[in-house]
Amino acid sequence: MINYRIEKALNEQVNAELYSSYLYLSMSSYFESISFKGFANWMRAQAQEELSHAMKFYDYIMERGGKVSLEKIDAPQKEWASPLKVFEDTYKHEQKVTSLINALVDLAISEKDHATNNMLQWFVAEQVEEEANASEILDQLKMIGDEKRSLFMIDRELGQRVFKQSKD
Ligand code: FEO
């Protein structure tokens, strides 16, 4: 059984992951609207990945005998000035999520909840990857500036991404 403070914090993270999914789906929709199908595909896969993160927390709360409590999800931003701006926001958002995960680890340690701390370590590692992925694309976009041909090449590359459900 998890204690009330941990249950509440994990429920807040379910909401944060669902918001992440919503935000990336909104970015996908923005990319569709400016005819960048590859960027849209990447963001759509990212939205699916965030939904799987939310479900990981959801399942863990249930497994520990807690109660999942779904709250309102904030509306995400709908328009951006450029692909560069989208990835600036993506990178910033992932840094914010990392700080949320770190705060959860701090709480699990202070509450002496070793099982929750252990579960959270998967997310600690995942956030390293999430930040690296966003920052790599952001760096590419910064490098090419307004160069259309390179932008279309990145778009084609990002069109290859396929969402894979993680097994653990
Ligand atoms: Fe669920 Fe992108 O972190």
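Select Glu 49 to begin: at 14% relative accessibility, this residue counts as buried (buried is under 20% relative accessible area, exposed over 50%, and partly exposed in between, with a 1.4 Å probe and protein chains only). The model is predicted, so local features need pLDDT of at least 70 and side-chain atom pairs count only at pLDDT 80 or more, while totals for chains, interfaces and linings use all residues. Residues are numbered from 1 along each chain as its sequence is written, and side-chain values use heavy atoms, with hydrogens and water left out.

**Stop 1: the partner of Glu 49**

The side chains of Arg 161 and Glu 49 form a salt bridge, 2.9 Å from N to O (a side-chain nitrogen of Lys or Arg within 4 Å of a carboxyl oxygen of Asp or Glu). Glu 49 sits in helix 2 and Arg 161 in the segment after helix 5, so the pair ties together parts that are 112 residues apart in sequence. Helices here are DSSP runs (H or I, at least four residues), numbered from the N terminus; strands are E runs of at least two. Arg 161 is buried, with a relative accessible area of 19%.

**Stop 2: helix 2 against helix 4**

Next, select residues 37–63, which form helix 2, and show helix 4 with them; their axes come within 12 Å and cross at roughly 170°. That makes helix 2 roughly antiparallel to helix 4 (angles over 145 degrees count as roughly antiparallel, under 35 as roughly parallel, 65 to 115 as roughly perpendicular and the rest as oblique). The axes are lines fitted to C-alpha atoms, for helices over the stretch in contact, and angles run from 0 to 180 degrees between N-to-C directions.

Which residues of helix 2 and helix 4 meet? On the helix 2 side they include Trp 42, Glu 49, His 53 and Tyr 60, and on the helix 4 side Met 119, Trp 122, Glu 130 and Ile 137. Contact means heavy atoms within 4.5 Å. By class, this contact of helix 2 with helix 4 has eleven nonpolar, four polar and five charged residues (Ala, Val, Leu, Ile, Met, Phe, Trp, Tyr, Cys and Pro count as nonpolar, Asp, Glu, Lys and Arg as charged, and the others, Gly among them, as polar).

**Stop 3: helix 4 against helix 5**

Ile 137, Gln 140, Leu 141 and Ile 144 of helix 4 make the contact with Ser 150, Leu 151, Ile 154 and Leu 158 of helix 5. Six of these residues are nonpolar, two are polar and none is charged.

**Stop 4: two further salt bridges**

The structure holds seven salt bridges. Select Glu 32 and Lys 37, whose side chains meet in one of them (2.9 Å, N to O). Glu 32 is partly exposed at 37% relative accessible area, and Lys 37 is exposed at 57%.

Then go to helix 3 (residues 83–110), where Glu 88 and Lys 85 lie three residues apart, about one turn of the helix. In their salt bridge the closest N and O atoms are 3.6 Å apart. Glu 88 is partly exposed at 25% relative accessibility, and Lys 85 is partly exposed at 38%.

**Stop 5: Ile 109**

Finish at Ile 109, also found in helix 3. Ile 109 is exposed, with a relative accessible area of 52%. Its C-alpha atom is separated by 20 Å from that of Lys 56, 53 residues away along the chain.
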